[in-house]
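Student: I have a protein model open and I'd like to learn how to read it. Can we go through it together?

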Amino acid sequence: MAEHELPELVRMDHRLFPDMPYPHFVLRQLYELYRDRLLVVERGGELGGYALFATTPDGRRSWVLALGVVPGARGLGYGRSLMAEGLDRLTVDGVREVMITVAPGNRAARGLYESLGFVQVDHRADYFGAGGDRLILRMPLPG
């Protein structure tokens with residue numbers, strides 16, 4: 001992702017996650033910290049989706065902080081491509097496991113993650129605050 005795309009990323013994030021979007025300043029700082037792990041897909045000259053991976057300081061675990069594809073581009077393999085590219089990069093980095101959270105009712109996302117090899121390791125009520133229940137999934141990486 002290029003820095004000049006940041007305003008478009010902020011707009012897309014608000015569209016994808018209207019109940020819990022990242023504030024502009026947070027996406028700006030995440031871009032500064034993880035720019036090589038902030039992946040985007042372009043569709044028709046506009047951003048069609050993004051994924052963000054953040055690795056812990058010891059380099060052993062990474063979290064998927066965001067994965068989203070705009071409604072008109074869903075079902076075209078963009079989410080899978082973003083995840084595959086990110087997982088490949090993490091494997092090269094020597095990351096040992098990847099974690100992700102997902103809303104229990106988000107069957108499409110759960111299906112994607114499970115097809116990639118993620119397994120549920122926990123279910124946490126109010127993980128993101130009141131009513132923000134999340135399933136926590138884990139996937140070991142080769143290494």
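Tutor: Strands (E, at least two residues) and helices (H or I, at least four) are DSSP runs, numbered from the N terminus. Keep in mind that this is a predicted model, where local features need pLDDT of at least 70 and side-chain atom pairs count only at pLDDT 80 or more, while totals for chains, interfaces and linings use all residues. Residues are numbered from 1 along each chain as its sequence is written, and side-chain values use heavy atoms, with hydrogens and water left out.

Student: Is L137 buried or exposed?

Tutor: Buried means under 20% relative accessible area, exposed means over 50%, and partly exposed is in between (1.4 Å probe, protein chains only). L137 counts as buried because its relative accessibility is 2%.

Student: Which residues is L137 in contact with?

Tutor: Contact means heavy atoms within 4.5 Å. Leaving aside neighbours within four places in sequence, L137 touches V98, M99, I100, V102, Y113, F118, V119, Q120 and V121.

Student: What is the order of the strands in the sheet?

Tutor: Two strands pair if DSSP finds at least two bridges between them. Here six strands make an open sheet in the order β1-β2-β3-β4-β6-β5, and the pairing is mixed. At the edges are β1 (38–43) and β5 (119–124), each pairing on one side only. From one strand to the next, the twist averages 25°.

Student: How do I see the mixed pairing?

Tutor: Go pair by pair. β2 and β3 are antiparallel, with seven bridges, and A51 has L67 in β3 as its bridge partner. β3 and β4 are parallel, with three bridges; there, W63 is partnered by M99 in β4. β5 and β6 (residues 134–140) run antiparallel, joined by five bridges, with V119 opposite R138 in β6.

Student: Which strands does helix α1 lie across?

Tutor: For angles, axes are lines fitted to C-alpha atoms, for helices over the stretch in contact, and the angles run from 0 to 180 degrees between N-to-C directions. Helix α1 (residues 6–16) lies across β1, β2 (46–55) and β3 (61–69), at about 90° to β2. Helix α4 (residues 107–116) lies across β3, β4 (97–102) and β6, at about 165° to β4.

Student: What about charged side chains?

Tutor: Side chains of opposite charge can pair when their charged atoms come close. The cut-off for a salt bridge is a side-chain nitrogen of Lys or Arg within 4 Å of a carboxyl oxygen of Asp or Glu. That rule gives a count of nine salt bridges. R37 meets D93 in one of them, at 2.5 Å from N to O. D93 lies in helix α3 (residues 78–93) and R37 in the loop between α2 (24–34) and β1, so the pair ties together parts 56 residues apart in sequence. R37 also forms a salt bridge with D36, with the closest N and O atoms 3.5 Å apart.

Student: How far apart are E85 and R89 in helix α3?

Tutor: E85 and R89 are four residues apart in helix α3, so about one helical turn separates them. Salt bridges that share partners also join E3, R28, E32 and R35 into one network.

Student: And where is D126 found?

Tutor: D126 is in the loop between β5 and β6. Phi of D126 is near 55°, a positive value in a residue other than glycine. D126 counts as partly exposed because its relative accessible area is 44%.
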